[in-house]
Amino acid sequence: MGSQEVVTGKAKDTSLSRRAAEMLGLSDMFDEARRMTKRQLAFQILNFLMIIFSALMIWKGLMCWTGSESPIVVVLSGSMEPAFHRGDLLFLTNDVSDPIRVGEILVFKVTGRDIPIVHRVMTVHQQNGTGEIKFLTKGDNNSVDDRGLYAPGQLWLRPSDVVGRARAFVPNIGIVTILMNDYPAAKYALLGVLGLFVLLHRE
């Protein structure tokens with residue numbers, strides 16, 4: 001009796017797995033893959049590599065055109081509300097010949113932090129003698145400036161810390177990126193399914 005219950009349980013699990021595969025279209029893709037010749041499969045792999053290469057070239061082109069090492073970023077917190085909200089997609093430029101001004105919204109990196117910060121310039125300071133420009137930032141939704149976020153002992157940012165200046169944005173579209181970062185397993189599953197679709201779908 002116990003062994004029959006185990007078999008029944010396994011059958012249910014198998015049935016659920018099949019349904020999930022059918023919903024994602026994986027069964028059809030694998031059937032199509034089995035019908036492919038080696039030449040067709042090699043052609044699909046080349047197509048997949050061309051898509052990746054093209055995406056990298058577009059990204060590099062944007063970097064050169066905007067002067068920013070990361071021309072598109074996603075707002076990850078609510079510290080810039082109401083100007084920007086969590087999930088907004090920002091488009092950046094970084095013209096080093098254009099001086100930084102009070103009121104501009106910058107994306108900057110801080111030593112010891114992996115993720116850049118999006119905040120507004122509240123003070124610009126010019127060093128006497130050297131003429132070096134430094135500046136202080138603050139989130140619109142924060143009550144204090146960013147000195148608590150800077151590296152230990154750092155009181156000002158320099159132009160070399162700037163990733164870019166916000167020039168345009170698209171609201172909420174970056175929430176997908178946030179969800180994928182919050183749930184890494186879902187991210188890898190989605191990327192895997194998309195990769196399989198490109199590799200195995202011949203239309």
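The model is predicted, so local features need pLDDT of at least 70 and side-chain atom pairs count only at pLDDT 80 or more, while totals for chains, interfaces and linings use all residues. Residues are numbered from 1 along each chain as its sequence is written, and side-chain values use heavy atoms, with hydrogens and water left out.

**The helix**

Select residues 38-66, which make up helix H3. Helices here are DSSP runs of H or I with at least four residues, strands are runs of E with at least two, and both are numbered from the N terminus. The end C-alpha atoms of H3 are 42 Å apart, in agreement with the 42 Å that its 29 residues should span at 1.5 Å a residue. That expected span is 1.5 Å times one less than the number of residues. Next, select Gly67, which follows H3 and has a positive phi, near 80°.

**The paired strands**

Display strand S6, residues 162-170, together with strand S2, residues 89-93. These two strands pair in the antiparallel sense over five bridges; pairing requires that DSSP finds at least two bridges between the strands. Within this pairing, Phe91 has Ala168 of S6 as its bridge partner.

**The aromatic pairs**

How many aromatic pairs does a search of the whole structure find? The search finds two. Rings of Phe, Tyr and Trp (its six-membered ring) pair if their centres lie within 6.5 Å; planes under 30 degrees apart count as stacked, over 60 as edge-to-face and the rest as tilted.

Select Phe84 and Phe169, an edge-to-face pair with 5.1 Å between centres and 70° between planes. Phe84 lies in the loop between strand S1 (72-74) and S2, and Phe169 in S6, 85 residues apart. Phe84 is buried at 7% relative accessible area, whereas Phe169 is partly exposed at 39%. Buried means under 20%, exposed over 50% and partly exposed in between, with a 1.4 Å probe and protein chains only.

Then select Phe108 and Tyr150, also edge-to-face, at 6.2 Å centre to centre and 80° between the planes. Because Phe108 is in S3 and Tyr150 in the loop between strand S5 (133-138) and S6, this pair ties together parts 42 residues apart in sequence. Phe108 is buried at 0%, and Tyr150 is buried at 6%.

**The last stop**

Finally, select Arg147, which lies over the face of Trp156, 4.8 Å from the ring centre. A charge sits over a ring if NZ of Lys or CZ of Arg is within 6 Å of the ring centre and within 35 degrees of the ring normal.
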